[in-house]
Amino acid sequence: MNLKRSLPNILITGTPGVGKSTISKKLADRTKFTWRDVSKLAEEYNCLDEYDPEYQCPFLNEDKLLDIMEGMMAKGGNVVDYHGCEFFPERWFDGVFVIRTNNTTLYDRLAVRGYTGKKLDDNVQCEIFETILEEAQSSYKPEIVVQLQNETEEQLINNVQSIVDWIERWKEENI
């Protein structure tokens, strides 16, 4: 925890297709926090290296991205949205929310996005084996890692409200 921040920084993470960006956008709208979509930041600041033909996406230059994000994170009030979490500095985040969904829902969402073959299979397996949850639990203090199930519209609304409530509690305890 950084006592100099007047607002917390939140990480929304999980396998592609679980609803991270939807939750992050709704959360930013409700809280007036800044939504930091890491994929867009990486593109905007040229933090993408050569293309990975197997997964049909570029490699992320993590060091360059972290250097760029450092100043953005200092004052708090950020919702960071990314499918990985282990490379971010632990000190950046006050709350880490791992979004989960059942495999059938995830498969359907990824197929609609055009995921096929190995990329589709590996992402579904990532969710089955709780890869992102384990990354979060091994990278951050257990008391700041929260798992949220996100399959239905009702769960989406409840998840956003849960995080808003968490932010209010954080403010009461830290300001």
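## Legends to close-up views

**Figure 1. K119 in helix α5.** With a relative accessibility of 15%, K119 counts as buried. Buried stands for under 20% relative accessible area, exposed for over 50% and partly exposed for values in between, with a 1.4 Å probe and protein chains only. K119 touches Y55 and Q56 when residues up to four places away in sequence are left out; contact means heavy atoms within 4.5 Å. Helices (H or I, at least four residues) and strands (E, at least two) are DSSP runs numbered from the N terminus. The model is predicted, so local features need pLDDT of at least 70 and side-chain atom pairs count only at pLDDT 80 or more, whereas totals for chains, interfaces and linings use all residues. Residues are numbered from 1 along each chain as its sequence is written, and side-chain values use heavy atoms, with hydrogens and water left out.

**Figure 2. The whole protein, for orientation.** The protein has 7 helices and 7 strands, which follow one another from the N terminus as β-α-β-α-β-β-α-β-β-α-α-α-β-α. Its radius of gyration is 16 Å, close to the 16 Å that the globule rule gives for 175 residues, so the protein is as compact as a globular protein of that length. The radius is taken over C-alpha atoms, and the rule is 2.2 Å times the number of residues to the power 0.38. Along the principal axes, the C-alpha atoms fill a box of roughly 50 × 35 × 30 Å. Of the 175 residues, 47% count as buried. Among contacts between residues at least 6 apart in sequence, 74% join residues at least 24 apart.

Figure 3. An unreviewed UniProt entry places the feature "binding site" at G17, G19, K20, S21, T22 and R113. The lining of the largest pocket includes G17, G19, K20, S21, T22 and R113. UniProt positions are given in the numbering used here, feature names are shortened, and annotations may be inferred rather than shown by experiment. On a 1 Å grid over the protein atoms alone, a pocket is an open set of points with protein on both sides within 12 Å along at least five of seven lines, unlike a cavity, where a 1.4 Å probe fits but cannot get out; lining residues have an atom within 4 Å of a point. G19 sits in the loop between β1 (10-13) and α1 (20-31) and counts as buried at 14% relative accessibility. Beyond four places in sequence, G19 touches R109 and N150. R113 belongs to the loop between α4 (103-112) and α5 (117-128) and, at 51% relative accessibility, counts as exposed. Leaving out residues up to four places away in sequence, R113 touches P16 and G17.

**Figure 4. The two ends of helix α4.** At the start of α4, a side-chain oxygen of N102 comes to within 3.1 Å of the backbone nitrogen of T104. A polar contact is a pair of N or O atoms within 3.5 Å; within protein, one must be able to donate a hydrogen and the other to accept it, and residues adjacent in sequence count only if both atoms are side-chain atoms. G114 follows α4 and has a positive phi, near 95 degrees.

**Figure 5. The nonpolar cores.** The largest nonpolar core has 27 residues, of which L65, M69, F88, F93, V96 and Y140 touch the most other members. Two or more residues each come from α2 (38-44), α3 (62-73), β5 (78-82), β6 (95-100) and α6 (131-139), and α3 gives the most, with 5 residues. A nonpolar core is a set of buried Ala, Val, Leu, Ile, Met, Phe, Trp, Tyr and Cys residues joined through side-chain atoms within 4.5 Å. Outside four places in sequence, F88 touches L11, V38, L66, M69, V80, Y82, F93 and Y140. A second, separate core of 22 residues includes L106, V160, W166 and W170.

Figure 6. T31 is in helix α1, and its side chain reaches the backbone nitrogen of F33 at 3.2 Å. Apart from neighbours within four places in sequence, T31 is in contact with V164 and I167. K32 lies in the loop between α1 and β2 (34-37). K32 is not a glycine, yet has a positive phi of about 65 degrees. At 71% relative accessibility, K32 counts as exposed.

**Figure 7. E130 between α5 and α6.** E130 is a residue other than glycine with a positive phi, near 55 degrees. Most residues other than glycine have a negative phi. At 32% relative accessibility, E130 counts as partly exposed.
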